[in-house]
Amino acid sequence: MSNQNHIETKPQSTIGASQSARELVDKKELRALMTRKNGPGLMFLTGHLGLIAFTAYLISISPGGWQTSFIMFVHGVFIVHLFAPLHECSHSTAFKSKWVNDIVYWGCSLALGLSPLHFKLQHINHHTYTQDVDYDPQMITIGETFWGYVYYASAIPRSEEHTSELQSRRNLV
């Protein structure tokens, strides 16, 4: 029995998606948009860091209570969004100069408590094995349910992994 209503669709490839973008944007305009510069990114980063500094100042002068909690939440949102420049700088796409990408990458990594080298290696594996549940280190299947996500976000799996790694090293000695 065949299903006549079933229409097979192929997922659009990256090449197909980029070809669509070229059809929407003039080639000359696209080239101008893709030209890397240091200035705009540094201005945006300065604004971002300014917001982090400003919310830190507001926390320091806040009277406590719900106001402090709210300001701390906003401050945390600004901090966690340092992941965006970290990610782009890991690809060296945020700035024209490689050294600026490297400095911002390392600064954002350390501010977020991430090991810059570990993230870079893990991210290379992510791009090598994208969406492969067995090999993509950024496929977090445990987070597919609400309680699985809560468990993952608690950092317990990471601490269990670290503890078992220390145990195996101890057994080698």
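Me: In this predicted model, where does T141 lie?
Reply: T141 sits in the loop between α7 (116-128) and α8 (146-153).

Me: How far is T141 from Y152, C-alpha to C-alpha?
Reply: The two C-alpha atoms are separated by 9.7 Å, with T141 and Y152 eleven residues apart along the chain.

Me: On to the cysteines. Why is C89 called buried?
Reply: C89 has 0% relative accessibility. The cut-off is under 20%, so C89 counts as buried.

Me: What about C108, buried or exposed?
Reply: Buried: C108 comes out at 5% relative accessibility, and that is under 20%. Leaving aside residues up to four places away in sequence, C108 touches L82, P85 and L86.

Me: Which residues make up the largest nonpolar core?
Reply: There are eleven: L45, I52, L82, L86, C89, F95, V100, V104, Y105, C108 and F119. Elements giving two or more residues to this core are α3 (39-61), α5 (83-90) and α6 (98-111). The largest share, four residues, comes from α6.

Me: What span would you expect for α6, and what does the helix reach?
Reply: At 1.5 Å a residue you'd expect 20 Å. From first C-alpha to last, the 14 residues of α6 reach 20 Å, close to that expectation.

Me: Why can you say that the buried residues of α6 line one face?
Reply: The buried ones are V100, N101, V104, Y105, C108 and S109. Looking down the axis of α6, they fall within an arc of 155 degrees, so they line one face of the helix. These buried residues pack against α3, α5 and α7.

Me: Which exposed residues sit on the face of α6 turned away from its buried side?
Reply: W99, I103 and L110.

Me: What follows α6?
Reply: G113, with a positive phi near 75 degrees.

Key
Residues are numbered from 1 along each chain as its sequence is written. This is a predicted model: local features need pLDDT of at least 70, side-chain atom pairs count only at pLDDT 80 or more; totals for chains, interfaces and linings use all residues. Side-chain values use heavy atoms; hydrogens and water are left out. A nonpolar core is a set of buried Ala, Val, Leu, Ile, Met, Phe, Trp, Tyr and Cys residues joined through side-chain atoms within 4.5 Å. Buried means under 20% relative accessible area, exposed over 50%, partly exposed in between (1.4 Å probe, protein chains only). Contact means heavy atoms within 4.5 Å. The expected span of a helix is 1.5 Å times one less than its number of residues. The arc is that of the directions from the helix axis to the C-beta atoms.
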